[in-house]
Amino acid sequence: MVPMKIPKSLLSLSAVLGLSLGFAGAALAQATGAPQAPALATPTASPDYLAAVTRWQASLTAFATADKERLPGTDGVLFVGSSTIRFWTHLAQDFRQSPVVINRGFGGSTMADCSLFTRELVVRYRPRHVLVYAGDNDLAEGRTPRQVLESFAQFVNTVRTELPDARISYISIKPSPSREALLPKIRVTNDIIAAYVRTMANGEYIDIFTPMLGADGRPRGELFLGDRLHMNEAGYRLWQSVISAHVTAPATLAASPAPQPVQSGPGVPVAISPAP
């Protein structure tokens, strides 16, 4: 049998994902005969997953390096999502009432990306509370509100499978001045995700959309940087004031209702299951 030649790119990816739960590490172990590291689960090696691994290799490497230097404790509060989370550099200070605060924001990411990397960026740390902010980049890239909902539901299902007692909070999509044309889709996305979250046990929808609008119903420009997309300190102070009450609130476990089906494409049902 001719030995399989492993490309250097795959070797590099496996180094990034070896401490996590990615496909590349498992594939490399199988190809070389090396022992496979314990994993909670192995994600399906879909083309979307492999493309995301390639796109976000630098971010995954940075997280791996940070974990090697100091692995965060378990049972903490974890924020994951796009650049709005990534640029929240004083996140731990703003929520210092929690002894463990983890920032796993990666700039430019989508809700679809977060759903692909749920095990690597969330489950790995065994948090008691997960707060996710993502969705506006999905809409900017042309996805529909329903597709954002489907990605969030996949994210929830993965967290619930591995961490059934974790609280999950969805932070609504913010109204950025540079994306004012997307406001109708943002409103729809926020509304359908809020409706879905209401079917979940131990989950909540956090509305930051409304307080970021002015009396004229338009985005408040004073909350944003010059790019009119990312927030300034005033914007983050507003977020901290809204979100802090949700972080300190005790989790309330309730009986879970039946899963809510969502149609994904013609005749292809996607089971969107609230917490067990």
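## Model and overall make-up

This is a predicted model, in which local features need pLDDT of at least 70 and side-chain atom pairs count only at pLDDT 80 or more, while totals for chains, interfaces and linings use all residues. Residues are numbered from 1 along each chain as its sequence is written, and side-chain values use heavy atoms, with hydrogens and water left out.

The protein has 12 helices and seven strands. Helices (H or I, at least four residues) and strands (E, at least two) are DSSP runs, numbered from the N terminus. Of the 276 residues, 50% are buried. Buried means under 20% relative accessible area, exposed over 50%, and partly exposed in between, with a 1.4 Å probe and protein chains only. Take the contacts between residues at least 6 apart in sequence: 72% of them join residues at least 24 apart. Contact means heavy atoms within 4.5 Å.

## The five-stranded sheet

Five strands form an open sheet in the order S2-S1-S3-S4-S5, with parallel pairing. The edge strands are S2 and S5 (203-206), and each pairs on one side only. From one strand to the next, the twist averages 15 degrees. Helix H11 (residues 183-197) packs on the sheet and touches S4 (167-171) and S5. The direction of H11 makes about 155 degrees with that of S5. Axes are lines fitted to C-alpha atoms, for helices over the stretch in contact, and angles run from 0 to 180 degrees between N-to-C directions.

Strands of a sheet pair through backbone hydrogen bonds, either parallel or antiparallel. Here two strands count as paired if DSSP finds at least two bridges between them.

## Strand S1

S1 (residues 77-81) pairs with S2 (residues 101-105) in the parallel sense over five bridges. S1 also pairs with S3 (residues 129-133), again parallel and over five bridges. Leu78 shows both links. Its bridge partner in S2 is Ile102, and its partner in S3 is Val130.

S1 is mostly covered, with five of its five residues buried. In a regular strand the side chains alternate between the two faces of the sheet. Val77, Phe79 and Gly81 point one way from S1, Leu78 and Val80 point the other way, and all are buried.

## Strand S4

S4 is largely enclosed by the rest of the structure, because five of its five residues are buried. Both faces are covered. Arg167, Ser169 and Ile171 lie on one side, and Ile168 and Tyr170 on the other.

Four bridges join S3 to S4, and the two run parallel. In S4, Tyr170 is the bridge partner of Val132. S4 and S5 also pair in the parallel sense over four bridges. In S5, Gly203 stands opposite Ile168.

Asn190 lies in helix H11. Asn190 counts as buried because its relative accessibility is 3%. Leaving out residues up to four places away in sequence, Asn190 touches Tyr170, Ser172, Ile173, Tyr205 and Phe209.

Trp56 sits in the loop between helix H3 (47-55) and H4. With a relative accessible area of 7%, Trp56 is buried. Beyond its neighbours within four places in sequence, Trp56 is in contact with Phe106, Gly107, Gly108, Ser109, Asp113 and Phe117. Trp56 and Ser109 are 53 residues apart in sequence, and their C-alpha atoms are 8.6 Å apart in space.

## The second largest pocket

The second largest pocket holds about 230 Å³ of space. A pocket is an open set of points on a 1 Å grid over the protein atoms alone, where a 1.4 Å probe fits, with protein on both sides within 12 Å along at least five of seven lines; lining residues have an atom within 4 Å of a point. Grid points are joined across faces, edges and corners, and the volume is the space filled by probe spheres set on the points.

Helix H4 (57-69) and S2 each supply at least two residues of the lining. Among the lining residues are Ala62, Phe63, Asp67, Arg70, Ile102 and Arg104. The lining divides into seven nonpolar, two polar and three charged residues. Ala, Val, Leu, Ile, Met, Phe, Trp, Tyr, Cys and Pro count as nonpolar, Asp, Glu, Lys and Arg as charged, and the others, Gly among them, as polar.
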